[in-house]
Amino acid sequence: MQTDQDRFFVLTGGPGSGKTTLIEAMKRRGYATTEEAGRGVIREEMEDGGDALPWIDPERFAERMFEWELRSYRSAERMPGPVFFDRGLPDTIGYLRLEGLPVPSAMEEEALRLRYNRQVVIAPPWKDIYGKDEERRQTWEIAVRTYEVMAETYDELGYRLVELPRGTVENRAEFLISLV
């Protein structure tokens, strides 16, 4: 019998590397997926006039992202079959490290307790598809550094990183399916 840890697949990396596009492709193929916390929190905060935004209050933004990821994890526990996560709990820890902010011990404890598949797929920086938008304001240099910090964070938490090959969305989706 598969455990949640076995069937929960995280896709991480820097911004603008094709993660969300790939997650949407997996959803169209009928797989269970989760929404990226960062974009979701930014969208909600902007709609509500809130200040838990990375460019206003990065610590509050991280708290909201972690809460979002906890809900995603709990929701995924009720989904059958493999679930593809657009980032995971460790991404919030990586974000705090990237920003030079302290990581609350409760976040570290939860990230160690609530586990994903040991193989975490990491999307490498890809300048050809990188772009900014209203929610993604990071520079290319920050996107690359984010990739590096996410790799370090997941590695430190005991995950084995598998690099997502560059290619078409279809080829990348086939790669993810091969891991299931």
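## The second largest pocket

Thr20, Ile23, Glu24, Lys27, Thr33, Thr34, Glu35, Glu36, Arg39, Gly40, Arg43 and Asp86 line the second largest pocket. Helix H2 (19-28) and H3 are the elements that give two or more residues to this lining, and H2 gives the most, with four residues. Helices here are DSSP runs of H or I with at least four residues, strands are runs of E with at least two, and both are numbered from the N terminus.

By class, the lining has one nonpolar, four polar and seven charged residues. Asp, Glu, Lys and Arg count as charged, Ala, Val, Leu, Ile, Met, Phe, Trp, Tyr, Cys and Pro as nonpolar, and the others, Gly among them, as polar. The space in this pocket is about 170 Å³.

## About the model

This is a predicted model, in which local features need pLDDT of at least 70 and side-chain atom pairs count only at pLDDT 80 or more, while totals for chains, interfaces and linings use all residues. Residues are numbered from 1 along each chain as its sequence is written, and side-chain values use heavy atoms, leaving out hydrogens and water.

## Salt bridges

Let's turn to the charged pairs. The count comes to 15 salt bridges, each being a side-chain nitrogen of Lys or Arg within 4 Å of a carboxyl oxygen of Asp or Glu. One of them joins Arg87 to Glu36, with the closest N and O atoms 3.2 Å apart. This pair links distant parts of the chain, 51 residues apart: Arg87 is in the loop between strand S3 (83-86) and helix H5 (89-98), and Glu36 is in the loop between strand S2 (32-33) and helix H3 (37-48). Arg87 has a relative accessible area of 9% and Glu36 has 14%, so both count as buried (under 20% relative accessible area with a 1.4 Å probe, protein chains only). A network of salt bridges links Glu36, Arg39, Arg87 and Asp91.

Glu45 pairs with Arg64, the closest N and O atoms being 2.2 Å apart. Within helix H6 (residues 105-113), Glu110 and Arg113 lie three residues apart, about one turn of the helix, and their salt bridge has its closest N and O atoms 3.0 Å apart.

## The cavity

Gly14, Pro15, Gly16, Ser17, Pro125, Trp126, Trp140 and Ala143 line the largest cavity. By class, this lining has five nonpolar, three polar and no charged residues. About 30 Å³ of space lies inside the largest cavity.

On a 1 Å grid over the protein atoms alone, a cavity is a set of points where a 1.4 Å probe fits but cannot get out, a pocket is an open set with protein on both sides within 12 Å along at least five of seven lines, and lining residues have an atom within 4 Å of a point. Points are joined across faces, edges and corners, and a volume is the space filled by probe spheres set on them.

How values were computed
Buried means under 20% relative accessible area, exposed over 50%, partly exposed in between (1.4 Å probe, protein chains only).
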